[in-house]
Every structure is written in C-alpha cells, then in structure tokens.
Amino acid sequence: MYTRQQQARARLEALRLTALEQRAEAELDVAAHTAAPGAETDPPALVEELRAAVHEEPDRERVRALLIRALHASGRQAEALEVYRVARADLRERLGIEPGPELRAAQREVLGSASVRAAPEAVAQPRPVPPRSSAPATVPDAAPEEHFVGRGEELRELPALLDAPGLVTVVGAAGLGKTRLALAVAAREERAGAEVWRVDLVPCAPGGVTAAVADAVGVAAGGLGPRAALRRVRDAVERAGRPLLLLDNCEHVLADAGEVAAGLLAGCPRLRVLATSRERLGVAGETPYALLPMRHDDAARLFRTRLRRLSPGAADAALDHEIGEVCAAVDHMPLGIELVAAKAATAPLGAIAGQLRARRGTLDTRLWSADARHTTLRAAVDWSYRLLTPDERAVLRAVSVFATGFTAEAAEAVAGPGASATLASLAGKSLLVFTPSADRPTYRTLVSVRQYARDALAEHGEEHTVLRRHAEWVAALAERTAHRMRTGGFREAYTEMSAATPEVTACLDWLQGAEAAGGHGAVTAAGDAPGIGARPRAGSPAGGVVPRDGHASDALLASRIATRLALYWTAAGRQAEGRERLARALETTGPQAPWYAETLAWCGWLGVNIRQDSGDEELLRRAVPAAEAAGEAAVVAFVGALALTVHVRQERLTEARAVADRTAAALDPYRHGWETGVWQLFHSELLVAEGRAKPALTAAVTARELLTGVDPHSAATARIMTGMAEERLGHRAAALRSWRDAHQELLLIGSEHEAAWVKALLGYAAAGDRDMAAAEAFAQSMEAYAEDTGEAYLLAKTATLRALVAGAHGDLDNAERLHLTAVSAYQEGHRPECVAHELALLGRLAAERGDPVLARIRWAHALRAAKLSGRAYAEILPLSGLVGLPQDDPESARELRARLEEVLRDAPPPRSTECPFHLAVPTAAGQVPAAPTTPLIGRLAEQRTD
C-alpha cells in the first residue's frame, strides 16, 4: 500500500495537472475565438508547460491533445502533427491501441478535417460548448487485428449479444481488459456500418454522465438540465442508422450511468448500449457478460508478442514453462501480463518467476498507460478498493489470507460473523470470483487483489489476528479430517482436505516460520498469498521451541495440525511433506502435549518409509512408552502398530515381535475398532516376515473386516496384505485377485499414489507370468503417474519393468539401458536392496551376451549392495548367479553355496510392495540352482571340464 504521504503527494500532483489542463483549455478557447488558426498568438510559456507535463505523464492523453492544440494555435502545425505521430506509435507499440477521441480530434483540427475537438474528458456539470459537427464521434480502432491478441471466443459472443437492442455490460475485475475488448467490438461494429459513440466515464463525477454522453454524441447541452439534455441525445441517436453507445468504466458512477442507459433505451427502441464496469448497472433487461482471465494459450501468446516487441532476444530465450508460470502467477490477466512482459525485457524471466512465486514486485511494476488507473496493478486494484464500503474492505482484507478458493463458512470463521453476506457483494463488484457448485460453492481472490488486500491487512495492523483465526480454522478442519477418515467419512474428508491443501501449506508455513517458503501463503501451484517476515526462536514451556514471533500457542497449534493430518498425507502419497512437517513439529512439542506419542510415531514411520535414514526408528522406540504413559489404549494400539511394522521393514523381527506382544493387550475391536484394525494390518506383515503365512492371512482378513466401511484406504492396504499372505502360501492366482481388487478400491477413493504401487505388483507378476503385453500396459500407466508427480522411486520401478519386457523380447541393449537407469534412481533413493536386484539382472544380461567376466563383476557388486542394505533376501539373485559360474577356488564355491542355502532358509521374505522382484524373477523367490543357470554358463562349465 502507498503511505499516506505518498497518497497525498499523488493527489496533489493529479490536481496540479488537472488545473494545468483546465487553464490551458481556457487559454486555447480564448485564442480560438480571438484569432484565426495560425495567427501570431503563440503562447510559448504554455507550450513549454505542456511539454514538461507530457514528459512527466506521457500517457495522459488530454495533456498531449492540449499540446497539439497549443502548437497548432501558434502556427506550428508540423510540430503538432509530430506530437500526434509519436503518441500514436507509442500507444500502438506498447499497448496495441489507437489514440483516444481527444487526441484524434486534435489531429483532425490540425489537418482541417474538423473545426472542433472531441468531448473533453472531465465533465462534472453541463457547460456551454463550441458548435460542433452532428456526426457521431469516431470510435478509435483500439484493437486492430494485428495488435489484439486472444479473446477469440469473446469477440464472437459479444457481437452476438449486441445483435438485438438493449444493454450488455462487460463485467470483470481490474486489469482483465474490459475496455480493450469493448473497443475492439465497437470498432468491428463501426466497420460494419454502425454509428458508434464512446464515452469514457473515468473522469466523470456523479451527475455528469448525461453531459458526457451529450458531448460524445455531438449534442449542445449547455444550459440544459439533465432531462432536457437526455431528450436531445435521444433525438440524435434516433436519427442514426445502427446506433451503438459505449459507456466505458461505469463502476464509480453506477447509478448515474444506469439511469442514463435506461432513459436512452426507453426512448430509442433501436439503440444498443455496451457498457464496461466492475459490477452490473442494475438496469431492467440488462445482459451481464462476465469477462474471465485469458485462456492459457492466449495468455502465453500475448506475453510472447508483447515481449518480442520490446526485446526480440528475450522473447526467443523465454521458455514455454517459464512463460506459463509467470502468466499463471498473474492469473492470466492481460494487464498483469503486459506489466510482467515489460519487466522481462530487462530482467531474466526465471528471476521474475521467482519474484512472482514469492509475491514480490508484482503490484508496483510500472507500465505507461493512457489510463492512469492502469499504470500499475496496485493502481488498478486501488480504484476498485476505494469504491467499497468499510465493511466490504474489512472482509476483503481478511479473506486475503486464503491461498485458494474458500467457502462462505470458512470466511465466517476467518473474517468474522456476517462475512458471508458480504461475499456476494464483493463478487458482484469483481473483487471476488464466485465458483458455483452443487457440492462446494467457493469464492476466491485474483492474485493482484489478494496481494493488495494482504498489504492493506498489514497496514491496518490486523495481520496476526486474522492469520491466527485462519490457523484455528485449519486446525478444526484437520481435527475433523482425522476423525472422519477413521469413522466412515474417508472419501468426503479426503476430498475436502485435498481442496484445502494450499491453506494447510500456508498456515503451517506461518506457524512454523518457514523462511524458505516465504511465510504464510507461500506459493505452490496456483497463486498463493504473500508471506511475512522471519521470527527468532526461543525456549518454550511445552518442552520444545516456539515459532519466530514468540507465541508458544502457535507452535503447539502447528504440531496438532501436522499430527492430525498425517493419515491424510499418507493416503495422498505426500509422505515426505508429512515427515518434514512432523519433524519440525517435534521441535516445538514436549511430552505434555496430548498428541506427543502420535507425533513421534508418525514422524518415525513416515521417515522410514521414505528412507530418510536419520534415526527415525528411534522415534518409534520412544513413541511406545510415551503412548503407555498417556494411558489411552487406542493410542497404544496405534503407536504399537506403526512401531512393529517399521521394525519389520528394518528386518529387526525380534524387536518387532516384542512390540507386538507389548501392545496386543490394548486391542479392542468394539471401543476403538480403527486402531485395532490398523494393528492387525501391520501385525500381518510381521507374520509374513516370520514365515507364518496362515496366521498372517487371518490377521489381514481380520483387519479388512474391521476397516471396511470405516477407512477404505487402510482396508485396501489390508487386501494387499491378504494377497501377500496368499502368495506366500503358494496361491498366486488368489494373490493376484486380491491385488487387483485393492487396486480398484484405491482408484475409487482417489488414492492414485498407493494404486500406482499396486500396479507395480501386478506388472512384475505379469512379467513373471510371461504376459508381456500386460506388463507393458502396467508400465505405461505407472510411468504416466510417476512423471506427473515426480516420484523417482516409482519411475525406477517402471524402468525395471520395461527392462524385463525388453529382455523378454530379445532387445538386450534397451534392457541394459533401462536397468542402468533404474540402478541410478535406486541409488539416489537409498534403496540398496533394489540396486542389488538390478545389478544381478545386469549380470544375467552380461552372461547372455557371452561375457562371463562382466557378469561376475556385476554379481559381485550386487552382493555387496545386498549386504549393505541389511536385507538378506536381496542376496538371493547375486548369489544364484555367482554359484552358477565356474569357480577357481572350490572353497569359495562351497562358501557361496552355503550362504545361498542359509539365506533361503533363514531370511525373511521380501515385502511385495517394497521390492517385488521375486514376482518377476523366480530365482529371487528362492531356489538353489543345481546347475549353471544359463546355456552360456553351461557351455563354460563343459569347456572347463574338458
């Protein structure tokens, strides 16, 4: 926001220029009545004053027109025409528009094509005007085809609405290009034979619309009252062929403009009125036309076109994704695109995109414009903001903390009681965008409006209070989400929280003091609100540290939100984000917090899942006694479930069994069925690892029964575990059916992340069954999702599956390339057991190609990776390869075979969802090769025997 001193200075400067214009006009009127054009009446001081004013405000069209008239009055026609030529070239080059009516009239006066000038731009009361032609004022060709970019649909729809008499109002927010579109439509109408008058109402005060319309139409209304003047206008309009009146920028004189339009339409049955406004005029029979932001392709084309005119080199260097990002950051608004394009001519586009992500430097980027309201986005929004009532301003400031669409109920929680009644008014004035929906109607603010309102919120000293209310609303939503996801409302809760994700991000960034994210409202995909400053941390009575503004309650609120959202983050495949938020929450959460044990357990469980390798399993060791100390059986059961499954995945089966035995007494399917179901689900995983497939199947089915109808995500996971137990029992067909059912259930609830992992199971199993067409189909589906989400581990699995398909088709070169790609991805993802499997398969490829030396090297490397992983089952493939090779040292051969037999006998089986190579490669499931495993190795063995 401007400071009060800056605002006062701007107002005084505007008044000075207005006074200069009025004085210059008066002097030129006197000169026009006392001397013929070209006589020696040169006012040198006035010319110089006007030149200086043009230099200060080159886009103030009236000043340029007065300079042209002053030069013409002094007989300097060549200079006058040069001023017009420069102005016209500048406007066309930068804005793609032609000079307005006053500049064009001044040019015609110089050329002798007219004896009077066009309507003055500021008319507050009717006043005498010089005689004028009765011909309609020519509408400037504001958007010739070569300059007007995009809006093709609008240029088709608006003329269709104007086919019939009546009022059509183009309604939209500041900066959407309402005037430019209306002028383009009016110019087309004029070229088609219509008689068109344009009235720019920006300078009009209330009560001055009639006089401005009369002046534009060419009616001498001096000395007449509004009604008499309106009658004369009606008479003039009735004489026209196909009359079209363009009332531009009506929002500040809404009632006056509506009254004039209604009066003219009532007396002129053939008249068509096209109005532009930030809200409807409220005239009976009015047809509002809502102007929306530009479509993506049109916005990008406009940006590149404008940038090319300013800097062809910068336009050539601009990347499509950068252009798309900056256009989205300004909501695809034409004015915002023009402003950013002007900035991109002198600064790297990537740096500008970074500024826009942080919401810096957008509002005050300057663009010279013929309309002073559009020199910056701030000026454009300020014009609308000043027209609001105090209550409307307060609500607009409050809802600016929302990062995306919000409901009326959310607005009530953040902006206070009664706010919902104000939202419709703000939407009607184009300061909010309303999105109707049968399920969840929402409002949202455009980026420029949101940033302006956030600045106003800070200026009024309301920011912390409103942000805290927003955080409390997010906390209530998180509590409701956690409860509903465990008690039968999973799908609805998941959908609601997915829509509110930007709000959660913004809220936690503020509460947890995310410097990197730029504070509350850090940018994610779609435009979010700006941030606030960093705050130093200090000690906390809760046993942790408090956020940067020193509020311990803010820290605990962030911790509670993060803990309650952990289940959602897991279901949504956002485990890394959840782990990061929970780790930061633990910095501010002590044992006194009622949810402390759950925070420890969730943070540790998510960390192990994403292989953070930062001692997360220790958090789970602390979580179990913390839960017991809290004394809630449901929490003990749930924390125990997370702890035991982590120990299973780290192959600490003894510790996992101890946790299971320790927490089993807390189970109660009647009082806390969800926690008991989750415990049974993860206990089935332990039983599989212990080689107890039948009890594992019983536990998985029990879990599914407890969770079905309550938590479909966990119920689907239980079906996956059912398939694992069935596969261990040798019932492969039953296992595949279970996994297919789980896949469908996950897709139905929108859990695409988990569904993608099940696709991997099915794809590997298809490869193992030699159904390569099905394997390739699963690979394509996995790849599409992985590329959309950037899931590197899933991309690696896709590469592995494609490599298996390529190898089966005899394309060994492509198979090797894909396996090597997977090796790199698994190494980056800290998955040494998967690296071991990939290297083992690469060893097989080398053996197939007749290169036993390379095969031996790859199998040896694979064995080292397997031992590094700590997962004994990962040694099976490389040991199988090495055992099948001829060995120079019989003792080494015996040791390799003994180790393979030991692993096959004692190692826990692999988790199918984690590293399912055994589904595709039978040897990985465990058989000691009795003979060399490939024809090549067989031949080598025979040669050695000879």
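Me: In this predicted model, what makes the charged end of Lys797 count as sitting over the ring of Tyr764?
Reply: The charged end of Lys797 is 5.8 Å from the centre of the Tyr764 ring, and the distance cut-off is within 6 Å, together with an angle within 35 degrees of the ring normal, so the contact is listed as a charge over a ring. Arg831 likewise lies over the face of Tyr793, at 4.0 Å from the ring centre.

Me: How do you know whether Tyr494 is buried or exposed?
Reply: Buried means under 20% relative accessible area, and because Tyr494 has 10% relative accessibility, Tyr494 counts as buried. By the cut-off of under 20%, Tyr568 at 3% counts as buried too.

Me: What makes strand 3 mostly covered?
Reply: Six of its six residues are buried. Pro243, Leu245 and Leu247 point one way, while Leu244, Leu246 and Asp248 point the other way. In a regular strand the side chains alternate between the two faces of the sheet.

Me: How do you know that strand 3 and strand 4 pair?
Reply: Pairing needs at least two bridges, and these strands have four, in the parallel sense, so they qualify as a pair. Leu247 stands opposite Ala275 in strand 4.

How values were computed: Residues are numbered from 1 along each chain as its sequence is written. This is a predicted model: local features need pLDDT of at least 70, side-chain atom pairs count only at pLDDT 80 or more; totals for chains, interfaces and linings use all residues. Side-chain values use heavy atoms; hydrogens and water are left out. Buried means under 20% relative accessible area, exposed over 50%, partly exposed in between (1.4 Å probe, protein chains only). Helices (H or I, at least four residues) and strands (E, at least two) are DSSP runs, numbered from the N terminus.
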